[in-house]
Amino acid sequence: MDGCRMEDVLKHGSSQDVLSASQEPIGRRLVEAGLVTEERFAAALEIQRSTGSPLGHILVAQGWLRPFDYYRHLAVHHGMRFVNLVLDPPDSDLFEQDKYGDYATLLYLPWKRDTDGLVVAVTEPDEELLRKLRQQYGRSVSFVLTSRLDVLWTVQRLASRQLALDSVFRRAMRDPDHSAMHVLTRSQKVTIALMFLATAACLYLDAAATLAAGNSAVGLFLLCCLILRIVLVWAGSGTLYQSRTTKEELDALEPKTLPVYSILIPLYRDAAVVPTLARALRSLDYPKSKLDIKLILEGDDPETIEACKRAGLEGCVELIVVPPSQPRTKPKALNYALSFARGQLLTIYDAEDVPEPDQLKRAVLAFRKAPWDVVCLQARLNYFNWGENWLTRMFTLEYSLWFDWYLPGLEALGIPIPLGGTSNHFRAEVVRAVGGWDPFNVTEDADLGIRFTMSRWRVGVLDSTTYEEANNEVWNWIRQRSRWVKGYIQTWLVYMRHPAVTLSRLGWKGFLGFHAFIGGAFLGPLAFPPLALMFLVWLITRTEMFDPLFSPATLAISLALLLAGNGLLIYFHMLAAWMRRRPILVFCSLQLPAYYFLMSIAAWRAMWQLVTKPHYWEKTEHGLTSVSAYDRDDFASVLDTPGQ
Amino acid sequence: MTEMTLPRFWILRANSSEIGTLAMAAALLSIAARLPAAAEFFAACFAGSAFWNLATADAPRTRLQCGLSLPLLQILSAGTMLVACWLALASVVIALREKGWLARTASLMTLVFPSLLLSGCRAYLDWLGYPWPFRALFL
């Protein structure tokens, strides 16, 4: 490296000559400086030929070059001054709080004002960006070069308060009627109070007739839910919705045409699963130079922050640290990180997730083939520790049916899809357009799925699986399920604030499907204990005490639900287990009624929490399993395909 | 090239799976219209196409159709009951193609469970003393 030239360059910024790059290629310069080996340089050139990414990005993303060294030499290459924003921070007066999104995604910062005018720090002397900045700040603006991490760190430091406020309240301020910030609106409170009064009055006047009417209504609703599930299984089993992308199409995908993909991974007290996460990310079959991975960490969780730093992650991974504030929810963390996401497509993974390596490519392909209004694709979720104990087997059965059969069925019928908490692939600009996630809703994913449909967008299902860690402890499972049920009730209440609006946006099919699928997901488990208890008491004692509650029609419905309903649901779970090639689970399906009992406990707990702690996010403990996704032979062959 | 998307309803995919769906719909309509011969014919077509497809490829819809076709044949008439018996035997043959007894039994279970369920429901209703709702069909 020419030391004298470096000194010159470091002293002066550049305005007009930024594009007059040195004739010596940057890669050769880095090799001569001893920062990159010849072998890695050759490998990077090979990747560059296939992906079209800048060589420096490839070297940094692969972890072959420190970002600081790259940007320092890039400055020399372009004859620009290099500044370290940590040692030489920008003037905070120049930092415009409402522009932090631009700074974070376009990667520039107004740095200083000198006698000649404003000096802006950029990370790439990209002609288009410089033209935009000259238009914005005037022709006299000059540029210095800095590191991408310096810009991100500085934006987080200077805009932390505004970022925190926006991540909590942006959605609620934009559309307060569809935010779960308030559990019930005034009109909902009045309606519920009137319903309670009316029920009490009816019970006083004729208790038997009131209970019989209530029993009939619940039976009828559950019958509708059952019919919907039968239709969903039928529709979802169609080949059209079971595979969108083929191996040949994937092989034909040109790496040059792949977009930048952002991956948001919220972590909280997840230090134990960071090594698995690092391996899963490294296994992704997607050019690393086109990955924009954000590990979203909480400021008061030093163990996980330390674990991430120790994991030796490549340059395509950035740490976003969210300052501690309420509500402490995953959607708030996602909103925070959304401001930094640079990808055209965006997905979310949980800390313990192990996605199939080609999932991102499949998503790209599926988006290309899908109509323009499909803005989100939900990948299938399943569990790698499915055989660990009874609970993980039941949980796996449930997920296999939900994600492999029900969700494709919802898509086929045009009913809103409640997204799962992870592996949702989005067109990034649409997520921003709808205001991100609702930080007050504890199933923000389900809410977002409904919101997309309300906004006339469509959600599809992606034929790729992400393997997660199934809860293997009963109490941990109940806590997680309580949160889900609470979130479903929140979501249902939010979209029932203006039923006419919801009906007009979703249409009759979507509206009824919303009630039967989202409503059924919490009303079924809530109704299960009293109905099961009644049945058991009757079976043992043959009492005639319940006869007034069952008219002939109600009795027929109840018998159909008890026999055909439960039987068919068990059968659907058997099919789902079989199609996942897990024959032992086919027999485990017979034990599902015991699992329903656990679901009911969680549902009643959720109801209680909705009243006492509506926005409380019960953290699910991960890393409890003794099974690793990579230990199992059946997963290893699928999952361990090395990425580029 | 611009990709043209047609409304889903009009994407008529005349593959064997859809033929099976049409046969099932026709069988159910024939039952509702009290046309025994037509119902038996379409139910047999539905079951036959499902098992034929399963013999060639194990797809979710095909296995579901096979599972549902057996109880449909069971409730119709003595003639279709005989077809159901033959198809139950075919289920055993199909299951035997799997590797290992666990997989074979599981495969068989996914094909005959609805049929077992129907028989269980009938036994339970008989025990309770309630009439069998499908007695009024053609049996």
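**Notebook: chain B, then strand E5 of chain A**

I began with burial in chain B, where 37% of the 139 residues count as buried (20 or more other C-beta atoms, placed from the backbone, within 10 Å of the residue's own; exposed means 12 or fewer, partly exposed in between). I note that this is a predicted model, in which local features need pLDDT of at least 70 and side-chain atom pairs count only at pLDDT 80 or more, while totals for chains, interfaces and linings use all residues. Residues are numbered from 1 along each chain as its sequence is written, and chains are lettered from A and ligands numbered from 1 in the order in which they are written.

For secondary structure I found five helices and zero strands in chain B (DSSP runs numbered from the N terminus, H or I of at least four residues for helices, E of at least two for strands).

I then turned to strand E5 (residues 291-298) of chain A, in which eight of eight residues are buried. Leu291(A), Ile293(A), Leu295(A) and Leu297(A) point one way from E5(A), whereas Asp292(A), Lys294(A), Ile296(A) and Glu298(A) point the other way.

I looked up the partners of E5(A) next, with pairing taken as at least two DSSP bridges between two strands. Strand E4 (residues 261-266) of chain A runs parallel to E5(A) and is joined to it by six bridges, with Ile263(A) opposite Ile293(A). Strand E6 (residues 317-322) of chain A also pairs with E5(A) in the parallel sense, over six bridges, and there Ile320(A) is the bridge partner of Ile296(A).
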